[in-house]
Amino acid sequence: MSALPEIEQGIDRLLLQPPYGVDPRQRHDVLLTLLKKELAYAIDCNARFRRYVQHWPVDFRVADRIADLPYLPVGVFKADPPLALVGADDVKRILTSSATTGQVPSRVVLDAATARRMTRTVITIIRDFIGPARRPYLVIDTPETLTSQTHMGARGAAIQGLSSFATELVCCLRPAQAGDSGLDLEKLLAFATRWRHTDVLVYGFTYVIWTQLVQPLQRQGITLAFPNVHVLHSGGWKRLEQQAVTRNEFSRGVAAVFGCSADRVIDYYGMVENVGVVYPDCDHSNKHVPVFAEVIVRNPLTLAPVKVGEQGLIQVCSVLPTSFPGFLLLTEDLAEVIGDDECPCGRRGVSFRFAGRAPKAEVRGCGNLETTRYQQAWGIGVA
């Protein structure tokens, strides 16, 4: 366990760097060294994780690329109890992913140090896109989403992650029957009247903003005068795609309701398992990777990293968590690699665009390549 202080010092040094200003090759070398230390620490803490790493085809200790390090399929965090590197007494919070009906949510455990890092890094990333100022914060959700402090869902964690930018926080939805929610129009209009000429921050899940705010206001012909607003949104694209709502249509609709330009509506990609790292769109509609993380896009069939201009499964890499082995995770999401280090916005490193969820066939195919290793590590179907 003595390796943990050295790991934490390495993370702290990275967090002092500008989030998008470090040369990609220099960042890769620093991340590779730190990730190796974290893998060594994790295999000492968790026997199942150790068995998984032992079955990896490349010894992580001699790997010279982050792409060669052992990664977990994100589905392992659906396990009960959650996969952890700390004892139950050190768990301060359990975060739960959003899951559609019938799905098992992912759960990750946070100790005090990981929770502090999560808050700090989200602030660092968002500040780079909207500035450091605090401002009134309108949440397109219900107050009940924020009530639990020990078990928190993805929506609550996202809302709370932005609260450091708030001078005040107002939730404009109220609980309705059958677990649904409805727009509290009186509260929304009071907020709009008070802050219409002020810089305002708005956050909500994508489908919640569309169904619970935009559509009701459109039906009533109501427009809010917030030209200086920043509307951040994440998650929920699958539900909107089922309604044939495109990303451009969403941005235009939200901008029309708030009375702002469409470039002030910012989509960001994030997931509970990749805690503390979010990927907002820049002015050129690209997503960027901060200095304490990396993204690798892999061919769904071969799992080899793809080239610029190609699509594949997103692998997220992060040095932030020390309470669960979330350093290297293969997701079930697709992205296209846009460039290596040449986005016009000036942010360094890989740029990519989210392309949606992978078809089930591709996810199953990817999983088949890892089945033997996973079964042997977790003791499933092995004598």
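Does Trp 56 count as buried or exposed, and at what relative accessibility? Select Trp 56: at 11% relative accessibility this residue counts as buried, where buried means under 20% relative accessible area and exposed over 50%, with a 1.4 Å probe and protein chains only.

This is a predicted model, in which local features need pLDDT of at least 70 and side-chain atom pairs count only at pLDDT 80 or more, while totals for chains, interfaces and linings use all residues. Residues are numbered from 1 along each chain as its sequence is written, and side-chain values use heavy atoms, with hydrogens and water left out.

Rings of Phe, Tyr and Trp (its six-membered ring) pair if their centres lie within 6.5 Å; planes under 30 degrees apart are stacked, over 60 edge-to-face and the rest tilted. By this rule there are 12 aromatic pairs. The ring centres of Trp 56 and Tyr 71 are 4.8 Å apart and the planes stand at 75 degrees, so this pair is edge-to-face.

Now select Tyr 269, Tyr 279, Phe 352 and Phe 354, which ring pairs link into a cluster.

Move on to Arg 347. Its charged end sits over the ring of Tyr 20, 5.6 Å from the centre, and also over the ring of Phe 129, 3.9 Å from the centre. The criterion is NZ of Lys or CZ of Arg within 6 Å of the ring centre and within 35 degrees of the ring normal.
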